[in-house]
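Me: I would like to learn how to read helix packing and strand pairing from a model. Can we take one feature at a time?

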Amino acid sequence: MTLDSRPTRNRREFLTDAFCGFGSLAFASLLAQQQARASVTNPLAAKTPPKAARAKSVIFLFMAGGPSHMETFDPKPLLNKLHGQKRPASFGEAKYQFVQPNAKLLGTKRTFARYGQSGIEVSDLFPLTAACVDDLAVLRSCHGDMVVHSAAQYQLFTGRVVPGFPSMGSWAVYGLGTESDALPAYVVLPDPKGALEAGLPMYGNGFLPAVYQPTMFRPGARPVLNLELPPGVSAAGRRKTIDLVRSLNQAQMAPEDGELAARIGAYDLAFKMQTEAPRLFDLSNEPKETLALYGIGQQPTDDYGRRCLLARRLVEKGVRFACVVSGGGPGTLQWDAHDDIEENHLRMSGHTDRPVAALLQDLKRRGLLDTTLVVWGGEFGRSPESQGSKGRDHHNLGFTMWMAGGGIKGGRVVGATDEIGLRAVDKPYHFRDVHTTILNQLGLDQDLLTYLHQGRKERLTEVQGKVIQEII
Amino acid sequence: MNAAGLLFGYAWLGVLALPQVAVAAAAIPTVDFARDVRPILAKNCFSCHGADDKERKAGLRLDLADSAFADHAGTRAFVAGAPDRSDAYLRLITTDADDRMPPTDSKHNVSPQEIQVIKAWLAQGALWDGKSPTVAPAAVEAKAPLGSYSPKDRALWSFAPPAKVEVPQFAKPADQGWVRSPVDAYVLQRLHGAGLAPSPRADNVTLVRRLYFDLIGLPPTPAQIDAFTTDRTPDAYARLVERLLASPQYGERWGQHWLDLVRFAETDGFEYDTHRPDAYRFRDYVIKSFNDDKPYDRFVTEQMGGDELAGEHDDDLLVAAGFNRLGPLRKNAGNQAVTSSRNEVLTEMTNVVGAAFLGVTIGCARCHDHKFDPIKQADYYRIQAFFAATQDRDVPRYTPDEQVLWKQKVALVQDEIRPLRAALRRASDDERPKLEQKIMDAEDRLPAPLPALYSVSHDVEKKSPVHVLVRGQYQQPGPRVGMRPLGVLLPDGAAELPDDTRQPRTTLAKWIVDPKNPLTARVMANRIWLYHFGRGLVATPNDFGNNGMRPSHPELLDWLAGAFVERGWSIKEMHRIILNSATYQQSSLAADAVGRAKDPENVLLWHMNRHRLDAEQLRDTLLSVAGTLNLKAGGPSVMVPIDKELIDALYKPLQWQITRDASEHQRRSIYLIAKRNLPLPFMQVFDAPDMQASCPRREATTHAPQALELLNGALSNTQAEALARRLRTQTGSNVRAQVALAYRLVTGRPPTAKERALALRFLQRQPLREFAVAMFNLNAFVYVN
């Protein structure tokens, strides 16, 4: 139903009610809300995807720096047998960032056990996540094109190895709009320990309009820029200022002016965000049991636990895409274990295992896992060869990611690397296949979700990706 | 014959307009060797061309890349990127029963679908288990064929020379009265054809505000508004246009358009995002060029080949050539892939020429022939060949004394670094990272580099060989190419330029700005129109190809392009032509219901388009209205204070060194640093481009974070304080006068009675600074009518 098909009310009245009436919106019928969303003047209006959607939201657990597949989800007994030897020529070549051609293979000290009904092997770094393994589809044959952080991170997020292209979060919002009235549609929760190599352009909207840009939740008490009132200004006083803005704007507005009406609407949404978002950050109304589940209030899980819990609260409110980053700052504070794979991965898994498992369980018991696609992984894996005596270099030819929820069939393993974890040999899946699958679960089609830029209909997958059929 | 002579020996092609044929390009799925190809070979070929020594025929193995791609008595089974030279493929499709493979008497049969898979695999570069096969040197040294283009290829509208169409004449006095210039005549003709009428002329306050924002990006002061609205002379408007064109602020507004287009930034991007401390000189060069009304043909030539034309002291020319290195640049630690990096650099140099000057998406032909436009992949690399010897060059600009002092400071830090480096050489891999970190920390303490011109040079010694790259991948060089401008605009068989052409980039520039080039003048005339009206006559300003939009007013576009060249490529002349037209001076109110129904997008220009202030205009105007704007021009870029959290979000937070002199923080936005990995949030939220790719047109989105920025952001709140102070200072405690002045400053007009009443009621209880915040959030502030 279009706005113009309601002859009893003019467009201005309608828009005023739907967008501007901060109070009235709360009482408005669901129908009115949907019509307001469908308005052409609001690019973030929720859109019906072209295909049947299995997921409404995505949570990407980004393990920045590149977690090792051989220490986590891809056991390689032969690697341990060949420890200290050169890689047999039969496995072929690999290009690394630092490791030299004469490097020796490095066995793993981790032990693997079978978990759940599915009996999938997971290492002792993730005992709690392992307990959820029947919900996970473990992709052991992922691969990408770049072996350095920045370019690989761009490819993981945007499908391209250079900056300037929209991230998967921006594409998702471009395709679907948002279900949330008072929260940003696409949120990144970075690791407070610092930035990543690819920097902000990795998460960005690229050439898509600014309305699809991510909202970065910053560490500390003020996660969202400009959400706090300036010093010395009260909420009641500011409400009067916003009311004045509206009155003055409406005094000059032609009744049929949708563009200006949308701008007035943005102010009411802004005010709503200002009041509702702080409630979202306040975890004190969560039950103690939930906080404990995520490891909040205890180390080393407090920080990642908080951000995982926030991610759940975001998708609960209809946020489309949330990215929870583990790792930031210098490489040693990421999963970038050049020096010492043991020390690094024990520490990083210590931060994340409990929160990740809690997120999966919490989503599941709330019935949200059915509609929330959870994706875990980094921009690459790590080398079977050692860097130094106990570190591992970057490695893009074969590594593991996993997906859960959002219509993904859990309890299965897809693909395989060779016997030393060097190369994805069985059912190799590229980042573009991961992207295609994410879009597919959201009801989007990589070929239809395009944006004309510099004469080319650009899409997330650059060239055609495949839906990973084994897991849907 | 010298290079230029040869070049101008190229005939320009006058092309007949043929009906356009939509080009449908079916996407070919990527073929994977292990999944798709090897099974076909294993089933049908390996029994005779596999591991079994006894059964092997012709010494050929198709299970090993070394053999399959090798030269066997002059033929090769597989040639990457060339099915038509791959003997194995040719023998699959031959009709000659004696040659056909698998042999007709064998039990094997390769289906037509399987043959297509093999063909596609070869065409896509024949990756073998993810690796590129070794390409025989002979194939790489061969020259790519010059290629040919059919009349249909050449029939694209934008390739035809601009048409000379009679300027329409009108019989009715009312029409004759409205039409001020040929621009209006072409517009009115289309309006009449659609049964539409132009809108009335905008009022004088609207016009003066429109002109100020359009030409200098700043609002008029109340005195400047009054000067215009009380000027009763008939040429008051034209003189205002002249005054603004002569303003030094003009270049600061129009220079920004150009900087968008050439994706100007002052840092490398990627992980290090290294600063380019001298890149600001290019920004200043652009501003000065606009202020000087540098002829556009000269402007293009200087940017492409300034270094080739410059003596050692022609700083402007050397700086202009910095254009060639404005793109993002990837640097990494570790095992560098030098060829890959060089290829990325060349790609940046090449693509921007197509986007910025020619309005042709030549970048699409990097990996394959262009899918929509007649640009062969080899011709893409022929343009790249003009840049093959282009190398970065920082031209020093400091005195010997300064150099001595600088060297002393550097030596101090290097004394620290030297032992660390020595230790690094002896270090075990375990100790390495810590030492590397220490070295990086010390390097951060090196003094800022001495002033230098950020330029390029033509360095024959370091010339990169240019090959057609199979699927655009640097690992897969195909045949060699030499320099030649865009092939489809040349006659078939036009030769490449000699490899030793002395000023290759200047030569290409001369071809670009040759008045016979059908694209250059059209593309720039269209851009100027777009920046004035918010929409181009061609709505896709960087794409004049098959996939772009057709011009809404082709005759007008051609007339403008012709006038541009005739008037010496003067951009200011184009402003005069456009701004003095009746079309430009129309009201933007779009009051006509017929117009709204028939042409809601205003393609036919029945009214002026309203313009949302862009990011720079908005920030500059906040400062201007509050009376705090610092109009200092030029010089090194400013880093303003921003939230610590944002600085911490940099991979190298030390890069953000807030400019010490606080008065610099209030300079115009064009003088704030353009840092690729940290666009200022204020600019970003109001649709500033991301500085990674050419941006021909700003979006103007509307969303809640903009409201939060203008309501709660630091800039808007500090400037609201300043505006409140200004109102008090200039009007005392007279609240009515405060409201009146605020409206004049912020919207250019006095408040209506209703607005005044609302404002006065608000100010009974609320502070003036809150009123000032409200003013910054008005539609009447953010939009230009």
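Reply: Start with contacts: two residues are in contact if their C-beta atoms, placed from the backbone, lie within 7 Å. Keep in mind that this is a predicted model.

Me: Which residues of H15(B) and H21(B) meet?

Reply: On the H15(B) side they are B:Asp297, B:Val300, B:Thr301, B:Met304, B:Gly305, B:Glu308 and B:Leu309. Facing them in H21(B) are B:Arg505, B:Thr506, B:Leu508, B:Ala509, B:Lys510, B:Ile512 and B:Val513. By type, the residues of this contact comprise seven nonpolar, three polar and four charged.

Me: At what angle do H15(B) and H21(B) pack, and how far apart are their axes?

Reply: Angles over 145 degrees count as roughly antiparallel. Here H15 of chain B (residues 296-309) and H21 of chain B (residues 504-513) pack at about 170 degrees, their axes 8 Å apart. The two helices are therefore roughly antiparallel to each other.

Me: Now a strand. Is S4(A) largely enclosed or open?

Reply: A residue is buried if 20 or more other C-beta atoms lie within 10 Å of its own. In S4 of chain A (residues 136-143), eight of the eight residues are buried, so the strand is largely enclosed by the rest of the structure.

Me: Which bridge partners does A:Cys142 have?

Reply: In S11(A), A:Cys142 has A:Phe399 as its bridge partner, and in S15(A) A:Cys142 stands opposite A:Tyr429. S4(A) pairs with S11(A) (residues 399-404) in the antiparallel sense over five bridges, whereas S4(A) and S15(A) (residues 429-430) run parallel, joined by two bridges.

Me: How many bridges join S4(A) to S12(A)?

Reply: Three, with S4(A) and S12(A) (residues 412-414) running parallel. There, A:Ala137 has A:Arg412 as its bridge partner.

How values were computed. Residues numbered from 1 in each chain as written. Chains lettered and ligands numbered in written order. Predicted model: local features only at pLDDT ≥ 70, side-chain atom pairs only at ≥ 80, totals over all residues. Axes fitted to C-alpha atoms, helices over the stretch in contact; angles between N-to-C directions. Helix = DSSP H or I, 4+ residues; strand = E, 2+ residues; numbered from the N terminus. Parallel < 35°, antiparallel > 145°, perpendicular 65-115°, else oblique. Nonpolar A, V, L, I, M, F, W, Y, C, P; charged D, E, K, R; others polar. Buried ≥ 20, exposed ≤ 12 C-beta atoms within 10 Å, placed from the backbone. Pairing = 2+ DSSP bridges.
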